[in-house]
Amino acid sequence: MNERDSEIMLQLLEQQGYLLCADLDSADAVIVNTCSIRGKAEQKAYSFIGSLRRLKKKKPHLIIAVAGCVAQQEGAKMKARMPHVDIIVGPQAIYQLPDFFRQAADATAVIATSQHKDFTIPPFLPDIGHGLPHKRFVTIMQGCNNYCTYCIVPYTRGREVSRRPEDILAEVRHLVDGGVREITLLGQNVNSYGNDHPAGGQTSFPELLRQVAAVPGLVRLRFTTSNPKDLSPALMACFQDLDNLCHHFHLPVQSGSNAVLKKMNRKYTVESYMDKVRGLRRACADISLTTDIIVGFPGETEADFLATMDLLEEVRYDSAFSFKYSSRPPAASCNLAETVSEEEKAQRLALFQKRQNEISLERHQEYVGTTLPVMIEGESKTGQGQWSGRSSHNLIVNFHSPRTYRPGELENVTITEGCLHSLRAELSQGDK
Ligand code: 5AD
Ligand code: SF4
């Protein structure tokens with residue numbers, strides 16, 4: 001989401017005559033786009049913003065803007081702590097950035113972090129020249145109404161706001177006409193897309209997916225991310241019906257313990273989650289599943305953690321992102337006493353990651369001998385005819401070929417080796 005917002009900000013400022021520069025020292029303006037999902041991300045943002053003080057001293061005309069969720073959350077507090085920052089802009093206000101830059105150039109500080117009930121995401125056609133030539137993100141909604149107790153997103157990104165289907169389709173058509181071959185639809189919780197539309201104008205997420213998939217020339221379609229509670233049979237059916245929908249589903253489970261899931265306000269159980277996993281695998285036998293896990297949520301017992309480890313064995317994810325719980329006021333869990341020590345969290349995380357890595361490797365080895373189309377990303381850094389692409393499952397596939405490819409081309413390869421983070425392959429017979 002931040003990556004896409006960064007592209008939007010860049011495009012808006014280029015229209016004002018700014019140019020992207022290669023290094024910080026030659027910049028006349030700096031935008032720090034921040035994430036506050038965990039404490040560590042916020043600390044990193046603050047220390048980087050602090051380090052810009054030196055640059056501002058050397059170059060008093062330098063404009064420093066901070067965007068993203070830390071900006072939204074901190075607002076005026078950030079200005080008090082970091083007076084060298086000129087613009088503090090929350091996710092809803094990035095479209096006004098050119099105005100804010102004009103004000104900052106006149107030495108007027110800007111704090112734009114108010115959230116509006118009736119906020120809508122304006123229609124916006126991306127510049128084809130920005131970002132990767134073959135694959136791009138398209139935002140379909142912003143914000144979240146779920147209030148998982150550990151999560152700061154509903155406070156920083158605000159309530160759910162869905163974009164109009166016609167705006168989304170226009171953006172996808174524009175990108176595909178410009179040569180883009182793969183689109184990832186983005187939202188904090190794509191399954192509730194459309195729930196906020198006025199009565200009568202409702203398009204559900206599965207309906208939107210079908211409309212986007214039908215855009216002529218779109219080779220691959222992905223989406224992220226989903227709360228399992230809203231994963232519907234209609235969405236599962238899309239995997240049966242849509243040829244260009246990729247065989248990958250990121251389905252964050254967070255914990256394998258019903259007691260912890262309840263305290264997290266996730267609104268599903270391990271049993272209902274497993275039903276959905278089975279449903280997805282029925283709809284698409286080779287679907288790759290990935291997840292997010294939090295260890296050390298307040299009150300998580302050893303038995304709760306072991307239940308997460310059991311779930312890992314049952315689902316066998318292709319890969320997982322795993323995190324130590326971090327308290328994020330004003331998210332509700334900040335009022336719960338932390339019962340798991342930092343040391344215990346680190347131990348649980350290490351155990352989880354060790355086992356998940358073994359499973360990832362085993363899963364990746366299961367692909368050996370299969371022939372898959374990969375979408376070329378580019379020549380690998382080592383050069384010498386080594387190419388890198390992605391399978392429909394979103395796995396990185398490296399192979400050797402005497403041919404030269406453009407990013408976005410498809411090539412059929414046969415997998416020869418499964419590694420922890422990627423697959424090795426050779427050109428399929430007939431393509432050599
Ligand atoms: N502490 C640790 N991890 C968190 N996540 C979200 N909030 C927290 C938190 N307070 C993780 C969840 C989510 C992912 C994007 O970040 O696993 O799915
Ligand atoms: Fe956060 Fe839960 Fe919304 Fe995901 S669904 S963004 S974890 S509140």
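**Exercise 1. Work out how helices H1 and H6 are oriented to each other in this predicted model.**

Step 1. Recall what to look for: two packed helices are described by the angle between their axes and the distance between the axes.

Step 2. Find the two values. Helix H1 covers residues 2-14 and helix H6 covers residues 97-105; their axes come within 9 Å and cross at roughly 60°.

Step 3. Classify the angle. Roughly parallel needs an angle under 35 degrees, and roughly perpendicular runs from 65 to 115. The crossing is at roughly 60°, and H1 and H6 are therefore oblique to each other.

Step 4. Look at who meets whom. H1 brings Met9, Leu12 and Leu13, while H6 brings Leu97, Pro98 and Phe101. Sorted by class, this contact has six nonpolar residues, no polar ones and no charged ones.

**Exercise 2. Decide whether Ser422 is buried or exposed, and list its contacts.**

Step 1. Compare with the cut-off. Buried means under 20% relative accessible area. Ser422 has 14% relative accessibility, so it counts as buried.

Step 2. Leave out residues up to four places away in sequence; Ser422 then touches His364, Ile396 and Asn398.

**Exercise 3. Describe the shell of residues around ligand 2.**

Step 1. Pick out some members: the residues surrounding ligand 2 include Cys144, Cys148, Cys151, Gln188, Asn227 and Arg266.

Step 2. Sort the whole shell by class: seven residues are nonpolar, three are polar and one is charged.

Conventions. Residues are numbered from 1 along each chain as its sequence is written. Chains are lettered from A and ligands numbered from 1 in the order in which they are written. This is a predicted model: local features need pLDDT of at least 70, side-chain atom pairs count only at pLDDT 80 or more; totals for chains, interfaces and linings use all residues. Side-chain values use heavy atoms; hydrogens and water are left out. A residue is near a molecule or strand if one of its heavy atoms lies within 4 Å of it. Ala, Val, Leu, Ile, Met, Phe, Trp, Tyr, Cys and Pro count as nonpolar, Asp, Glu, Lys and Arg as charged, and the others, Gly among them, as polar. Buried means under 20% relative accessible area, exposed over 50%, partly exposed in between (1.4 Å probe, protein chains only). Contact means heavy atoms within 4.5 Å. Axes are lines fitted to C-alpha atoms, for helices over the stretch in contact, and angles run from 0 to 180 degrees between N-to-C directions. Helices (H or I, at least four residues) and strands (E, at least two) are DSSP runs, numbered from the N terminus. Angles under 35 degrees count as roughly parallel, over 145 as roughly antiparallel, 65 to 115 as roughly perpendicular and the rest as oblique.
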